[in-house]
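Reader: Could you walk me through reading a model like this one? I would like the general idea first and the particular case after it.

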Amino acid sequence: MYCWKCGVRLAEGETVCPLCQTRLPVPDGAVETKKTYSDLYPAEAHHAQYLALGLVTAVLAAAALSTLLLCLKLYGAAAWSGYVMLGCALAWIILILPRWFRRPSPTLFLAVDFIAAGGFLLYVCLKTGGHWFLSFAFPITGMLCILSLCASILLRKLRRGRLFVVAGLFLALGGCCMLAELFAHITFHTRMFLWSLYGAAFFGAIGALLLIAAIVPALRDYLERKFFI
């Protein structure tokens, strides 16, 4: 079944188009049924998923603990095991933690992921005796975090104009490349415009094309229908 207005293919039983929100007529005798969460994901699937998550968690914890014990035995201190332990913790937070929840909030977990990544970089900076966290890692991590959160919120809340959001995201990524090289220049005294111009040109070109497509109705309708933007 297809939407009579925008042509999007609908799932069986759907009476409202997920793209243009057009309500479709229900044939006589047809009863609108909505599958519940338990119908889509049986209890057995939940148990199997939680079992797999628990197994991966145990493997990561065992890897972190074994490296700690090894370093304590060889060096009498945590030594390099801290990198492994925090790396395992970071992988668990990004990959495993959201899957423990049935309906995780992308915005919330994006913020948690960037905070965890920032904490890992801070540990590396302090452990190596560097002074690059506040002038390099922190602004770049914060910049990407704010950009990701804004894009996530706008894409979830907006019904129309999502193509403009995606275009703005690519244009902002081009600007982030320039800022990242600027922070590297300030922190490590590297030369400017070694690679950022290529990144800015690449993301800027994609963003400009998407912006033009968002303005032109025919291209906008095609992309929205093709990628559900």
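This is a predicted model: local features need pLDDT of at least 70, side-chain atom pairs count only at pLDDT 80 or more; totals for chains, interfaces and linings use all residues.

Reader: Let's begin with the fold. How many helices and strands does the protein chain have?

Author: The protein chain has eight helices and zero strands, so its order from the N terminus reads α-α-α-α-α-α-α-α. Of its 229 residues, 28% are buried. Among contacts with a separation of 6 or more, 50% join residues 24 or more positions apart.

Reader: Now the packing. At what angle do helix H3 and helix H4 pack?

Author: The angle compares N-to-C directions, and values over 145 degrees count as roughly antiparallel. Helix H3 (residues 81-96) and helix H4 (residues 106-128) pack at about 170°, and their axes are 9 Å apart. That is why H3 is roughly antiparallel to H4. On the H3 side, the contact includes Gly82, Tyr83, Leu86 and Gly87; on the H4 side, Val112, Asp113, Ala116 and Phe120 are among the residues taking part. Sorted by class, this contact of H3 with H4 has eleven nonpolar, three polar and two charged residues.

Reader: How do the axes of helix H5 and H6 cross?

Author: Helix H5 (residues 133-157) and H6 cross at roughly 175°, with axes that come within 9 Å. H5 is therefore roughly antiparallel to H6. The contact of H5 with H6 divides into 19 nonpolar, two polar and two charged residues.

Reader: Which residues form the largest nonpolar core?

Author: In soluble globular proteins, nonpolar side chains tend to be buried together. Here, the largest nonpolar core has seven residues: Leu163, Val166, Ala167, Leu210, Ala213, Ala214 and Leu223. Helix H6 (162-188) and helix H7 (196-215) are the elements that give two or more residues to this core. Take Leu210 as a way in: setting aside residues up to four places away in sequence, Leu210 touches Leu163, Val166, Ala167, Phe170 and Leu223.

Reader: And polar residues? Is Thr187 buried or exposed?

Author: The cut-off to know is that buried means under 20% relative accessible area. Thr187, which is found in helix H6, has 16% relative accessibility and so counts as buried. Its side chain and that of Ser135 are joined by a polar contact of 2.8 Å. A polar atom of the Thr187 side chain also lies 2.9 Å from the backbone oxygen of Phe183. Beyond its neighbours within four places in sequence, Thr187 is in contact with His131, Trp132, Ser135 and Phe136.

Reader: Where does Thr15 lie?

Author: Thr15 is in the segment before helix H1 (37-40). With a relative accessible area of 12%, Thr15 is buried.

Reader: Last, backbone angles. Which loop holds Ala79, and what is the phi of His189?

Author: A positive phi in a residue other than glycine is worth a look. Ala79 is in the loop between helix H2 (43-75) and H3, and its phi is positive, about 50°. Ala79 is partly exposed, at a relative accessible area of 22%. His189 has a positive phi near 60° and lies in the loop between H6 and H7. At 66% relative accessibility, His189 counts as exposed.

How values were computed:
Residues are numbered from 1 along each chain as its sequence is written. Side-chain values use heavy atoms; hydrogens and water are left out. Axes are lines fitted to C-alpha atoms, for helices over the stretch in contact, and angles run from 0 to 180 degrees between N-to-C directions. Helices (H or I, at least four residues) and strands (E, at least two) are DSSP runs, numbered from the N terminus. Angles under 35 degrees count as roughly parallel, over 145 as roughly antiparallel, 65 to 115 as roughly perpendicular and the rest as oblique. Contact means heavy atoms within 4.5 Å. Ala, Val, Leu, Ile, Met, Phe, Trp, Tyr, Cys and Pro count as nonpolar, Asp, Glu, Lys and Arg as charged, and the others, Gly among them, as polar. A nonpolar core is a set of buried Ala, Val, Leu, Ile, Met, Phe, Trp, Tyr and Cys residues joined through side-chain atoms within 4.5 Å. Buried means under 20% relative accessible area, exposed over 50%, partly exposed in between (1.4 Å probe, protein chains only). A polar contact is a pair of N or O atoms within 3.5 Å; within protein, one must be able to donate a hydrogen and the other to accept it, and residues adjacent in sequence count only if both atoms are side-chain atoms.
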